[in-house]
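Biologist: I have just opened this one and would like a slow walk through it, if you have time. Could you bring it up so that we can look at it together?

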Amino acid sequence: MVSRKLVDRIFTVSVTLLALVAVLPIFHIIYYITIKGLPVVLEGGVNFFTQIPPSPIRVNELGGIAPAIAGTLFMTAVATVIAVPIAVLASVFSAEYPNHNLTKIVRATSRSLLEVPTIVIGIVVFALLVMPFGRFTAIAGAVALAIVMIPYVYTYTELALLSVPRTYIEAAYGIGMKRAQVIYMVTMGVARRGIVRGITIAIAKAMGETAPLLFTAFGARNMIFGGPLEPSDAITLMIYVFIQSPFEHWHRIAWGAAFLLLVLYLTLFLISRRLVGEVRV
Amino acid sequence: MSYARVSSHDKIVFYSLVPPTLFVVLILMTLFLTQLYHSIPIFDVQGLLNTYTVNRWYPTQSPPELWKEPHYGLLPTIWGTIYVSGIAVLLALPLSISLAVFIEELLPRRFRGYMSSLVDLMAGTPTILFGLWGLSFLGPLLKEFFMEPAHEGLGFLPIFSCTPLSGTSILTAGVMLAVMIIPFMVAVIQESYKAIPVTYKEAAWSLGLTRFEYVRLNLSMIVPAIVSAVLLGLGRASSETAAVALVVGNIYALSFCMFSPTHTLTSIIAANFGEVEMYPYMRNALFAGGLFLLTFGMIINAMGIVLLRRIRF
């Protein structure tokens with residue numbers, strides 16, 4: 001009997017240790033990016049957010065990451081505008097007609113889209129929107145990000161819509177509301193926090209993507225923002241390029257940009273936590 | 001739709017929702033068909049089988065009529081993807097099972113919500129941040145404290161046989177990916193673990209089992225979910241791009257030694273796609289790589305879903 005207890009003790013200790021090992025890296029990543037990035041942002045001050053990065057030869061200048069911030073804001077915003085209506089309407093379809101064949105197909109599709117490598121999305125958008133026009137554009141980057149976002153918005157919205165109590169919906173029909181009114185005023189009204197939560201998670205995802213932008217938005221850092229039909233930078237893209245460059249001061253800019261990305265992500269994450277996914281009655 | 005009477009209003013609602021829904025389906029088909037369309041030229045020129053089984057990558061501007069042998073083989077990148085993802089899953093599996101069990105069985109109830117939030121936080125973290133950490137911290141750490149000692153002490157083993165030249169290697173990418181896929185694997189395992197009926201759990205406790213025996217019994221009931229988590233982890237690990245491209249070394253080489261740099265299917269696309277204008281068929285070869293990833297990703301994904309459905313309580 002002693003050996004059974006001993007095995008149990010060893011089991012408890014090792015599970016606890018392994019669980020700690022599993023979560024330790026995320027704490028270290030947050031810590032490491034903060035100690036490397038925060039001093040850079042503090043040193044740059046306001047300029048870090050408003051200026052363009054220096055050329056590689058100007059080693060004493062820190063400059064800023066304004067093109068990356070502008071590009072990320074623009075492309076994420078446009079991607080949201082494209083993705084949300086499509087994904088929300090598709091999830092309304094799934095929630096309203098749960099037994100329809102198209103619902104089964106779109107559910108399976110969305111699950112597959114979640115697993116599609118984002119670099120694949122990037123090169124397909126390259127083939128469809130960059131090759132024909134012969135130029136990298138911010139719009140192409142936004143379309144690629146929209147494809148990344150759609151399955152997230154779809155999944156969370158459907159979950160939120162399905163969690164609306166039947167009694168609310170039946171009551172709405174009972175007072176003579178039409179189907180469209182029930183959907184848009186009652187079901188979506190009750191589920192709105194869950195829908196917004198899904199959108200927030202999707203935005204956080206899109207904002208943190210690098211691969212879909214490599215060959216669509218491509219990057220441009222000589223001005224803050226050239227317009228939707230010009231190549232565009234993004235925070236992730238800039239980190240990816242700068243950290244691989246041989247220039248020490250570009251590495252520092254990459255760390256500063258990484259810290260900003262981390263702060264943006266943590267903010268969106270906290271917002272999504274405050275929005276409860278399912279309807280509480 | 002089998003409603004006895006459908007009003008015209010309902011029809012309008014139905015038909016107005018069909019286009020966006022179809023559009024989502026069309027996106028996936030477009031992704032697949034575009035890849036296929038752009039892959040076909042390279043299959044025509046050097047053969048489908050050769051594209052995936054040849055260990056040779058010589059970008060060339062000469063027309064394909066002059067090619068003596070295939071120029072664009074993806075074999076080392078497929079191997080690289082398997083190797084890197086395999087290491088990631090092997091490391092992540094025990095950690096993920098432990099974390100899931102820890103949250104469900106050992107952690108006091110009031111802390112469970114925070115721990116689950118932490119897992120969600122890990123899952124959504126921008127992947128480039130993992131890559132940055134892998135490149136500047138994890139790689140050098142592994143090189144100094146694992147790769148070099150292992151090479152000196154156990155260099156006779158093929159997997160440790162090559163001299164570690166830098167922190168970027170198959171091993172570094174595998175360890176970094178393990179960290180990245182843990183939250184996804186934990187989510188799958190934890191969800192199934194939670195779904196085990198309370199009556200089963202109470203019956204298990206009533207036998208006087210120790211906690212170890214109890215957890216082992218519970219885990220044995222959700223083996224399909226654990227396999228499914230492995231498949232999901234493999235899918236996630238093989239499709240990650242930017243973070244992997246930062247730490248995998250980006251060298252076209254077929255290697256069994258885990259200290260060697262390599263290319264994965266995703267990193268070769270990221271590293272070479274910018275130069276496709278110069279080499280006429282390289283773009284098609286890279287699309288063929290994407291096609292392979294997409295196809296196998298979907299097969300793995302479908303297998304995972306089928307497995308999860310097999311769990312019935």
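Biologist: Where is A:T80 placed?

Modeller: A:T80 sits in helix α3 of chain A, which covers residues 66–96; helices here are DSSP runs of H or I with at least four residues, strands are runs of E with at least two, and both are numbered from the N terminus. Before going on, please note that this is a predicted model, in which local features need pLDDT of at least 70 and side-chain atom pairs count only at pLDDT 80 or more, while totals for chains, interfaces and linings use all residues. Residues are numbered from 1 along each chain as its sequence is written, chains are lettered from A and ligands numbered from 1 in the order in which they are written, and side-chain values use heavy atoms, with hydrogens and water left out.

Biologist: Is A:T80 buried or exposed, and why?

Modeller: A:T80 counts as buried because its relative accessible area is 15%, where buried means under 20%, exposed means over 50%, and partly exposed is in between, computed with a 1.4 Å probe on protein chains only.

Biologist: And what does A:T80 touch?

Modeller: Leaving out residues up to four places away in sequence, A:T80 touches A:P85, A:M149, A:I199 and A:I203, a contact being heavy atoms within 4.5 Å.

Biologist: What about A:S91?

Modeller: A:S91 is placed in helix α3 of chain A too, and it is buried, with a relative accessible area of 0%. Not counting residues up to four places away in sequence, A:S91 touches A:Y154, A:T157, A:E158 and A:L161.

Biologist: Where does A:V59 lie, then?

Modeller: A:V59 lies in the loop between α2 (47–50) and α3 of chain A, and it counts as exposed because its relative accessibility is 51%. A:V59 and A:W250 are 191 residues apart along the chain, yet their C-alpha atoms are separated by 8.6 Å.

Biologist: Stepping back, how many helices and strands are there in chain A?

Modeller: Chain A has 12 helices and zero strands. Of its 281 residues, 56% are buried, and its C-alpha trace spans about 70 × 70 × 35 Å along the principal axes. If you take the contacts in chain A between residues at least 6 apart in sequence, 73% of them join residues at least 24 apart.

Biologist: And how many in chain B?

Modeller: Chain B also has 12 helices and zero strands, with 55% of its 313 residues counted as buried. The C-alpha trace of chain B spans about 75 × 75 × 30 Å along its principal axes.

Biologist: Which domains does the assignment give for chain B?

Modeller: The assignment gives domain 1 (8–66) and domain 2 (76–309), with bounds that come from an automatic or database domain assignment. Taken over C-alpha atoms, the centres of these domains of chain B are 27 Å apart, and their contact takes 21 residues from domain 1 and 22 residues from domain 2.

Biologist: Changing topic, which residues touch the most other members of the largest nonpolar core?

Modeller: That core has 200 residues, and those touching the most other members are A:I65, A:I239, B:L99, B:M176, B:I222 and B:F273; a nonpolar core is a set of buried Ala, Val, Leu, Ile, Met, Phe, Trp, Tyr and Cys residues joined through side-chain atoms within 4.5 Å. Helix α6 of chain B (residues 170–195) gives the largest share, 17 residues, and the core draws at least three residues from each of domain 1 and domain 2 of chain B.

Biologist: What does B:M176 touch?

Modeller: Apart from residues up to four places away in sequence, B:M176 touches B:F130, B:G131, B:G134, B:L138, B:A243, B:V244 and B:V247.

Biologist: One more residue: where is B:F102 found?

Modeller: B:F102 is found in helix α3 of chain B, residues 75–106, and it is buried, with a relative accessible area of 9%. Leaving aside neighbours within four places in sequence, B:F102 is in contact with A:V15, A:T16 and A:A19 from chain A, and with B:L107 and B:M115 from chain B. B:F102 and B:D120 are 18 residues apart in sequence and 16 Å apart in space, C-alpha to C-alpha.
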